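Colleague: I would like a close look at one part of this model. Please take it step by step and keep it brisk.

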Amino acid sequence: MVTPPVVSLVLTGRNDGYGGDFIARFFRSLRFNHQQLTARGIAYELVFVEWAPPSDARLIRDQIFDALPELDVAVCSWYVVDPRYQEVLSLNPRLEYLEFPAKNVGVRRARGRFVLTSNCDVYFGRRIFDALAAGTLEPRVLYRAPRHDLTLPAERAPLDWSVLEDPRNLAGPAHVLKPPYMGSATGDFVLLDRESFHEIGGFNEVYRVARIGIDRNVLVKALSSGLRIADIGGPVYHENHEGSYRLNPAAYAGRETEAPWGDRRWHSGGVSYVNPPTWGLSEAPVREIDERVWYLDFSWAAMPPLVDLTRIVLPVARPGGPAPGHYVRKR
Amino acid sequence: MRRFIAAFLAVFGLVSSRRYEALSRSLEDLKAAGAESKKKASQAIAQQRSLESELRRQSQLVVKLRGSVEKWKHYHDNVKMLRDRLADTERELMVARDHLMAIEVKLDILEGAANVLDRRTRITAPQDQHESSARA
């Protein structure tokens, strides 16, 4: 029996030029994270979900090993998802990328004892590598890390700690995580043992109307499921880029329904969910198209119902635990 | 001898002048003491009347305060009852808000699904079909 890796790093993306130079940012951060993980001897698996890739562009998978020859094919599990899933799953035509159903594809198939979902332009901080190397992570604890947004120098020299940890590169005040949710840029860092991630059924796949807030919603679900949320003790670093929600969160003020990330005012902090058993497109027909590259073919059998309102539920209040949510006036 | 003379004079109701003066002084003293006592008695009577009046006033005040205490007790009970009711209402409001959130989220989903189905219908149903049936 093969020993599972300590951690599965679940990322999603596609070659669509998101944020200006998506591929370059992704390769840069992956190179850094890979170097750090390898240097500390942390057995990891890269689970990459290439979600609904454009037909007229090369797959990222076809470029990555040229750009990062140090990356071992054996530690990569690559899933290419038929674009029809994006088209059919979406309940909001303005959403161009169902980030969390995409991440769920990876979470569902990850083999690591812990699963870390993050984004393609995120550099993990020292404390994260330390915690992974020390083996001190606990099950049933959802670990969070605050995000430090960086404006990096224009010249693209290899990044190291001196650049990441230089306070002069901070694009603004460093985020602080506040209990009970420890929210704020949650999509950049959710680390949980695989069993618990499966127990909660990944990220919300029922509310496919917005992308924003789905990460916060997983925290409500975690608390409601009796998991603890903890700050891992150090930050992740995010390279600022055009089109980032963080750079201009009020860009769609007054016309929230037109935002490409959905209406940020939805009650992500107040409701929980029960994903269908098919979460993560577990029933999708899969065929291997290359070494450790699988293609998820479209099948209606893999699709959850268009609407399943019984799967939106109220969070469970636990004695001694924080209030599971509070009402926010939406309109 | 002096004692004998005094006794002899006493038989006739007579006293010596010295004795007479002493007795006269005593009588004056007694008269003054009597007048003083009368004055004090008058003062005491006045004070008694004042105290009685004060007692009546205080009694009335006690009765009034007893009424107020009863009123405050009633008020306190009412406040406690209102507080309990407020706590219940807050709990009910929280539950109602929770349900409202869930309903709004479900409405979002329904609205999204309706929009998606509308788009799909418009794409899949050829426009000219409708037009031709309208002409027919």
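In which helix of chain B is Thr121(B) found? Please describe that helix and what surrounds it.

Modeller: This is a predicted model, so confidence limits apply to its local features. Thr121(B) is found in helix H2 of chain B, which covers residues 17-124.

Start with the chain. Chain B has three helices and zero strands. Read from the N terminus, its elements run α-α-α. Along the principal axes, the C-alpha atoms fill a box of roughly 170 × 30 × 20 Å. Buried residues make up 6% of the 136 residues in chain B.

Now the helix. H2(B) has 108 residues. From its first C-alpha to its last it reaches 153 Å, close to the 160 Å expected at 1.5 Å a residue. One pair of residues shows the reach: Thr121(B) and Glu36(B) are 85 residues apart in sequence. In space, C-alpha to C-alpha, they are 121 Å apart.

H2(B) as a whole lies largely in the open, because the number buried is eight of its 108 residues. Those buried residues are Asp98(B), Met101(B), Ala102(B), Val105(B), Asp108(B), Ile109(B), Gly112(B) and Val116(B). An α-helix has 3.6 residues a turn, so residues three or four places apart point the same way.

What do they meet? The buried residues of H2(B) pack against strand E14 (312-313) of chain A.

Chain A also has a sheet to look at. Three of its strands form an open sheet in the order E5-E10-E7, with mixed pairing. The edge strands are E5 (122-124) and E7 (147-150) of chain A, and each pairs on one side only. Neighbouring strands of this sheet are turned by 25 degrees against each other on average, direction ignored. Helix H1 (residues 22-39) of chain A packs on the sheet and touches E5 and E10 of chain A. The direction of H1 makes about 10 degrees with that of E5(A). E5(A) and strand E10 (residues 236-239) of chain A run antiparallel, joined by three bridges. Phe124(A) stands opposite Val236(A) in E10(A).

Conventions: Residues are numbered from 1 along each chain as its sequence is written. Chains are lettered from A and ligands numbered from 1 in the order in which they are written. This is a predicted model: local features need pLDDT of at least 70, side-chain atom pairs count only at pLDDT 80 or more; totals for chains, interfaces and linings use all residues. Helices (H or I, at least four residues) and strands (E, at least two) are DSSP runs, numbered from the N terminus. A residue is buried if 20 or more other C-beta atoms lie within 10 Å of its own, exposed if 12 or fewer, and partly exposed in between; C-beta atoms are placed from the backbone. The expected span of a helix is 1.5 Å times one less than its number of residues. Two residues are in contact if their C-beta atoms, placed from the backbone, lie within 7 Å. Two strands pair if DSSP finds at least two bridges between them. Axes are lines fitted to C-alpha atoms, for helices over the stretch in contact, and angles run from 0 to 180 degrees between N-to-C directions.
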